[in-house]
Amino acid sequence: MITHYKNRKGKKPGLLFMAVSRATHFTPAVRFLGSCYKQRLLTPHLSVGWRAVSGGEYRRPGQTQDNTPIWKKFDFNKGVEGIRKHFTLLKNEFLGRWTGPEGKTLIEHILEQTRVIWEFRGPESLEHWTVSSDQEIGGRSEAYLKLGRNNATCLMYGTLCSAPPRDGETRYSGYCTLRSKPPMGSFDSKKHHDWSSFNTLHLRIRGDGRPWMINVGAETYFSHQKDDMYSYFLYTRGGPYWQDVKIPFSKFFLSSRGRVQDDQHPLWLDKVNTIGLTLGDKADGPFQLEIDFVAVCNDRAHTEKFAYEVYKRNPEV
C-alpha cells in the first residue's frame, strides 16, 4: 500500500513518502526518517525540529532563504580550472618530497632563521586572506582590504560600530577581523603550517594607535575544540613610522569563544592552520592597519617554553 501525502496547499511534494502497511519491512532508521518527513509534510511550520534532523543552514531573523537551483551555481570553466589547479598541486607535493622538508634542502631547513610566511606584493597576495565584521550577525561595522602604495603593502581599513543589531537575540557587537585562509593541498586535502623550528612571530605594521588581538588557530584533537584560539595583544603606536613587532609564541594564551581557559597549554607549532587580527576596542569610528609582511623567526636569546602556569593532574613529589 503506497500513500502520497499532500501538504496544506494540496500539492504533492517533490519527494514521495511511501508508507507501507507492514512496518516490519523497514529498519528502525528508515522508520525514524519516514516519521520525520511525514511530520514535516503534515506540520510544515515546525521547521526547527526538521532543521535539527536534516542539518540545514541556520538563518537569522529577517534573512531571506537562497532558493537558487544547484545547476545554476555550477560553472564548467571553473571546474576545468579547479582540476588543473589540483593536479598542479599534486605534482608539486610529489616532487617536493624528494627535495626535502617543505620542498627545501635539508641543510637549508636546519639553518633557516627567518621565514616570511605572507607578504603583500600584488593583487594575488590578497586572495590568501578573508575580511569579516559584525555585519555577519547584523551589525553595522565595515571592513575592507586593499593594496597599499606601490602595491607593496596590505591596507585594512573601515569603520567600527559597537551598536548591537535589533534582532532580539544579539547583545554585543562591534568587531572587524582579518584572517588568513587555511592552507589546502591537492584535491582540498588538509595541510598545516609547520613552525616548529621557530619560536617568535614577527610582523611589520603601521597602525593608528588602536589595540588589536592576534589570534592563531591550530589543529585540535576533538571537534568541540574547533573554537580554541591562541591569542595575544598587539599595540600599535600610530603615526607615519613602521613598527616591527616580535611576539614569542610562548606568550600566546588559550581562549575559546572569547573566554580565557583555566587549562593552559602551549601552542602546537607544527599544526598551525590560520592567523588573524581582530579589532574590538569599543571605540566607534574609522580605523586602518597597514601590514608589510608576516614572518616567523628563531630568537636564540628567548628560552622560555611557556609563560603561564600549567596544571598537572599528577604533580611530581
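## Salt bridges: the ground rules

A salt bridge here is a side-chain nitrogen of Lys or Arg within 4 Å of a carboxyl oxygen of Asp or Glu. Side chains of opposite charge can pair when their charged atoms come close.

Keep in mind that this is a predicted model, where local features need pLDDT of at least 70 and side-chain atom pairs count only at pLDDT 80 or more, while totals for chains, interfaces and linings use all residues. Residues are numbered from 1 along each chain as its sequence is written, and side-chain values use heavy atoms, with hydrogens and water left out.

## Charged pairs

Searching the whole structure turns up 13 salt bridges. One of them pairs Asp208 with Arg210, with 3.9 Å between the closest N and O atoms. Burial comes up a lot below, so here are the cut-offs: buried means under 20% relative accessible area, exposed means over 50%, and partly exposed is in between (1.4 Å probe, protein chains only). Asp208 is partly exposed because its relative accessibility is 31%, while Arg210, at 10%, counts as buried.

Then there's Arg115, whose side chain meets that of Glu112 in a salt bridge, 3.0 Å from N to O. Arg115 is buried, with a relative accessible area of 10%, and Glu112 is buried too, at 12%.

## A link across the chain, and a network

Asp244 and Arg204 also form a salt bridge, with their closest N and O atoms 3.8 Å apart. This pair ties together distant parts of the chain: Asp244 sits in strand S9 (residues 243-248) and Arg204 in strand S6, 40 residues apart. As for the naming, helices (H or I, at least four residues) and strands (E, at least two) are DSSP runs, numbered from the N terminus. Asp244 is partly exposed at 48% relative accessibility, and Arg204 is partly exposed at 24%.

Through shared partners, salt bridges join Glu119, Arg121, Arg204, Asp244 and Asp292 into one network.

## Two buried residues to look at

His193 lies in the loop between strand S5 (176-180) and strand S6 (200-206). With 17% relative accessibility, His193 counts as buried. Contact means heavy atoms within 4.5 Å. Leaving out neighbours within four places in sequence, His193 is in contact with Ile117, Trp118, Pro183, Leu269, Asp270, Lys271, Val272 and Asn273.

Ser132, in strand S2 (residues 129-133), is buried as well, at 19% relative accessibility. Not counting residues up to four places away in sequence, Ser132 touches Ala143, Cys176 and Thr177.
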